[in-house]
Amino acid sequence: MTQTNIKNKTFVDLYSGTEDFLLPHTVRKKSVNLFDKIKLPDNKTENWRKFKSEPIFEHHYSLGKKLNVDTKDLDSLSFFEPSGNYVILVNGFFYSGNVKKPDLNNNVFIGSLKDAQKTHPEIISDRLHVQNAKTENYFSVLNDAYAKDGAFVYVPENVILDEPIYIMHFIQSDNGNIFSQNRNLIIAGKNTAFKIIHTYHSLSSDFSFNNSITDIFADENAQLEYYLFEGEGNTAAHINHININSEKGSSFKSNIVTFCGSAVRNNFYAEFKNEHAAVDLQGIYMPDKEQTVDNFIEINHAKPNCRSNQVFKGIIDNKAVAVFTGKVFVARDAQKTDSAQSNQNLLLTDYARIHSRPQLEIYADDVICSHGSTTGQLDKEALFYMKTRGVPEKRAKTMLMKAFLRDVTDKINADRYREYVNFLISKRLKGQSPESLCAVKVCPSC
Amino acid sequence: MLKITNLKAEVDGKEILRGINLEVKPGEIHAIMGPNGSGKSTLASVLAGRDIFKVTGGKVEFKGKNLLNLIPEERSREGIFLAFQYPVEIPGVSITNFMRAAVDEHRKHKGLDPMNASQFLRYMKEKKALVELDAKLEGRAVNEGFSGGEKKKNEIFQMAMLEPDLAILDETDSGLDIDALKVVANGVNKLKTKENAAIVITHYQRLLDYIVPDIIHVLYNGRIVKTGGRELALELEKYGYDEIKKEADKRF
Ligand SMILES: Nc1ncnc2c1ncn2[C@@H]1O[C@H](COP(=O)(O)OP(=O)(O)O)[C@@H](O)[C@H]1O
Ligand SMILES: [Mg+2]
């Protein structure tokens with residue numbers, strides 16, 4: 001191990017003597033070697049300048065055990081319907097315990113990626129490691145090298161599902177800090193339509209670091225809605241990679257709520273593989289205390305006639321830091337590209353920070369590309385107006401903040417989940433701490 | 001009900017109100033007229049509690065209380081209502097939710113329980129009918145994308161919801177066509193009782209054909225320079241503000 005990457009031992013040592021990795025041996029070998037050389041991102045690393053990786057290395061980790069999660073204990077996650085179709089992972093490992101088997105015909109698969117490698121070998125090997133080299137970074141390589149399991153959702157051609165599919169990850173430590181990796185694969189076959197609710201939670205309060213990759217394929221004319229909820233406690237770091245491959249005529253609609261986590265980094269990479277596809281990314285983040293939320297978005301308009309839209313809104317409290325980078329690349333022959341981007345932030349204190357930057361690289365000439373970023377405090381005129389009607393300052397502020405997020409929350413097209421998100425936002429805006437709201441055992445209706 | 005004594009206020013170190021004296025009794029309608037920039041809206045804002053205006057002297061008593069000691073939301077709950085010259089747009093906050101919060105807070109102040117949802121909707125429907133507010137407005141965000149006339153009607157609707165003791169209407173007539181003006185005036189007249197009072201701020205006498213004041217004041221350069229009855233409005237209509245301005249400029 002090279003001198004610069006002495007920190008890698010934090011992770012590599014955890015895996016000595018273990019096997020059963022997810023990626024094929026040849027790919028893994030490359031990743032293991034690359035991991036040894038690749039630089040840990042710091043404040044000089046392009047695209048990572050504002051993200052502080054250091055605290056992740058201040059801890060000793062274990063991989064945790066395959067612990068039990070009783071779905072009866074998930075009452076507080078009111079969006080979750082145990083009668084629905086779901087896959088649960090604990091510390092990155094598929095949990096099969098008393099989880100009921102997905103009740104689906106049409107050859108839909110919802111379960112462990114590791115298991116599915118046996119039942120769906122071709123489908124998976126074709127798609128498991130097609131991630132564009134451009135998105136490669138220290139953490140994605142770490143995942144390539146050592147990930148052992150994750151969720152696999154496969155919806156074959158022409159299947160339409162009305163009820164959402166849940167992918168739920170839990171961190172649960174019996175003793176000490178957990179390092180968890182998961183690698184998820186979602187395949188929306190040709191002409192499919194369905195929703196995924198993908199959530200991350202902690203069941204314990206020890207420090208944890210979760211390094212995730214989710215590869216998503218929206219095949220021809222697939223209509224996929226993807227709701228991501230990041231609610232690991234405030235002693236949890238999460239680096240999340242989401243890679244989207246959009247085929248002809250497909251639509252990928254996504255909403256990301258980052259609610260908890262000491263440091264959360266979301267790396268989105270969407271690539272248009274063919275024409276007439278659309279990608280909508282919407283996000284909300286509400287960091288408090290000394291949390292950091294860093295959204296890095298890259299959209300690759302490699303083909304003409306595609307549409308992308310990014311709308312990210314943040315309410316940043318206390319000394320929290322938020323970062324938003326929206327990168328849009330439009331290839332020379334990607335004519336008729338329609339791309340919009342908006343990032344709006346409210347800073348609630350003088351110490352709260354936002355670093356917002358659009359990065360447009362446009363090589364085609366017949367395109368519409370817009371971007372806008374605003375940062376401010378609550379509208380003082382509106383506040384005064386509301387107060388003159390007898391509404392006290394605190395209540396007026398809460399109403400204005402909810403209103404600020406409303407156009408994003410209103411677009412969540414899964415009722416129970418939207419209600420859950422609105423509920424958390426209300427509580428949060430009324431002053432309840434994120435960690436108490438993210439604790440899975442809290443009783444949400446009281 | 002309201003007693004203003006030698007009220008002085010400034011913004012950014014610039015004196016705008018230079019000693020206002022005004023007394024409003026229950027049942028009265030006062031009109032405040034005056035050229036643009038004379039301080040009419042400033043007076044209204046100071047009474048509503050806008051903090052960008054600094055009160056540098058004088059007193060304001062409202063129903064026996066020192067009004068200047070109250071924050072804006074308390075003034076509202078005590079019974080002051082300001083219909084804004086430029087009502088503020090609040091995207092994402094529906095009129096229903098906004099009024100729900102306002103009515104809740106007013107009731108809490110009076111020691112009443114909040115209305116339940118169906119009571120509230122009935123109450124709102126009643127008030128909407130009273131001020132002839134278009135039903136379509138209620139699902140929309142407060143003032144967002146409203147026409148000038150809709151905004152003004154919405155102010156009167158809010159006034160109807162909150163039933164203030166003292167309503168201050170700041171240029172509620174400006175930008176209205178004659179039909180809208182009649183609707184707005186009609187609303188105000190319907191809400192008028194022997195117990196409550198109104199201050200109607202206007203630049204033109206047109207509104208005063210529909211809302212008939214008991215007393216008219218002319219505000220100029222931060223002072224009330226003339227007070228009279230209805231005939232004062234007709235005089236101003238005929239001769240404009242020039243005479244009054246000249247006279248006042250000589251005096252101060
Ligand atoms: N927020 C402000 N900042 C600076 N000057 C102001 C502000 N509001 C009003 N003024 C000034 O105060 C004076 C009176 O304004 P205003 O009360 O709006 O007059 P009116 O309503 O009679 O037309 C004007 O000279 C105006 O420019
Ligand atoms: Mg004015």
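Trainee: How many residue pairs are in polar contact between chain A and chain B?
Mentor: The count is 15, with both residues at pLDDT 80 or more; a polar contact is a pair of N or O atoms within 3.5 Å, where within protein one must be able to donate a hydrogen and the other to accept it, and residues adjacent in sequence count only if both atoms are side-chain atoms. This is a predicted model, where local features need pLDDT of at least 70, side-chain atom pairs count only at pLDDT 80 or more, and totals for chains, interfaces and linings use all residues. Residues are numbered from 1 along each chain as its sequence is written, chains are lettered from A and ligands numbered from 1 in the order written, and side-chain values use heavy atoms, without hydrogens and water.

Trainee: And how many salt bridges across that interface?
Mentor: The rule finds 4, taking a side-chain nitrogen of Lys or Arg within 4 Å of a carboxyl oxygen of Asp or Glu. B:Glu105 and A:Arg395 form a salt bridge at 2.9 Å, N to O.

Trainee: Switching topic, what coordinates the magnesium ion (ligand 2)?
Mentor: B:Ser41 through OG and B:Gln85 through OE1, at 2.1 to 2.3 Å. Donors are N, O and S atoms within 2.8 Å of the metal (3.2 Å for Na, K and Ca), and water is not among the atoms, so sites may look incomplete.

Trainee: Is B:Gln85 buried or exposed?
Mentor: Buried, at 17% relative accessibility, whereas B:Ser41 is partly exposed at 26%. Buried means under 20% relative accessible area, exposed over 50%, partly exposed in between (1.4 Å probe, protein chains only).

Trainee: Which residues does A:Tyr417 contact?
Mentor: Leaving aside neighbours within four places in sequence, its contacts include A:Phe79, A:Ile197 and A:Tyr227, with heavy atoms within 4.5 Å.
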